[in-house]
Amino acid sequence: MRVALMVTCINDALFPDAGKAVVTLLRRLGVDVEFPAAQTCCAQPMVNTGYLDEAVPVVRTFVRAFEGYDAVVTPSGSCAGSARHQHSIVARRSGDAGLAAAVADVSPRVHELSEFLVDVLGVEDVGASFPHSVTYHPTCHSLRMLGVGDRPERLLRAVRGLRLLDLPQAEECCGFGGTFAVKNADTSVAMGADKARHVRESGAEVLVAGDSSCLMHIGGVLTRQRAGVRVMHLAEVLASTEGSTARGVDR
């Protein structure tokens, strides 16, 4: 199987350990993962703010970068959702039949990490060890756009030493939402504060999610509150093994 890593902009720029963890994890499971250097943004920021015409060349770059791979894996439900659902809208609007065909070929092969592990590889126990109490935040796009369901929790429950705690009001949005956090800052901060309060109520040492953007937002609130709760990407937890150093930090 020829597999590509779609690292996402925020991981590439701010949280590279999440992308590195995906590579470590997949290679441990026998997957030969490649990193196409031509990849750029998935075009979600443009689409979400109404710049669909400007998104066309970005989508075109995306399909060229990832064509020919059996699967494209990304540590982001948000970006996977964009590729699977928004790219076809952009392609149809462009009127470019070739782009529409390329999107129809590539997009179905884009998988959020937990989807790829459970549905494609057929594994839940990935050989991880992480002796900490953890609570999981299901990010909006993974929950509502992709429908990943309980796949991340099933993976976490199979991690040795990990104690998974319920997160109150887990399905509520954290308030980040990309440009939403900029355009509606007060509402975003209030939603983040609610999520941080629920994280503290869980009693967990570590908050885990599948999108670094949401972890950045919630982690920022937790840090300002001096809550003492670390945030870590799902990939980082699943890549951890007995004796390895988990580098979750307050963000």
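## Helix H2

In helix H2, the residues Ala18, Gly19, Ala21, Val22, Val23, Leu25 and Leu26 are buried (under 20% relative accessible area; exposed is over 50%, and partly exposed is in between, with a 1.4 Å probe and protein chains only). Helices, labelled H or I, are DSSP runs of at least four residues, strands, labelled E, are runs of at least two, and both are numbered from the N terminus.

H2 covers residues 16-28, and its 13 residues should span 18 Å at 1.5 Å a residue (the expected span is 1.5 Å times one less than the number of residues). The end C-alpha atoms of H2 are 19 Å apart, which agrees. Just after H2 comes Gly30, with a positive phi of about 85 degrees.

## What you're looking at

This is a predicted model, so local features need pLDDT of at least 70 and side-chain atom pairs count only at pLDDT 80 or more, while totals for chains, interfaces and linings use all residues. Residues are numbered from 1 along each chain as its sequence is written, and side-chain values use heavy atoms, leaving out hydrogens and water.

## Salt bridges between separate parts

How many salt bridges does a search of the whole structure find? The search turns up 11, a salt bridge being a side-chain nitrogen of Lys or Arg within 4 Å of a carboxyl oxygen of Asp or Glu.

Take Glu34 and Arg2: their closest N and O atoms are 3.4 Å apart. This pair links distant parts of the chain, 32 residues apart, with Glu34 in strand E2 (residues 33-34) and Arg2 in the segment before strand E1 (3-5). Glu34 is partly exposed at 29% relative accessible area, and Arg2 is partly exposed too, at 35%.

Then there's Arg84 with Glu115, where the closest N and O atoms sit 3.0 Å apart. Arg84 belongs to helix H5 (residues 77-94) and Glu115 to helix H7 (residues 113-120), so their bridge ties together parts 31 residues apart in sequence. Arg84 is partly exposed at 23% relative accessibility, whereas Glu115 is buried at 6%.

An α-helix has 3.6 residues a turn, so residues three or four places apart point the same way. Glu201 is partly exposed at 47% relative accessibility, and Arg197 is partly exposed at 34%.

Elsewhere, salt bridges with shared partners join Glu124, Asp150 and Arg154 into one network.
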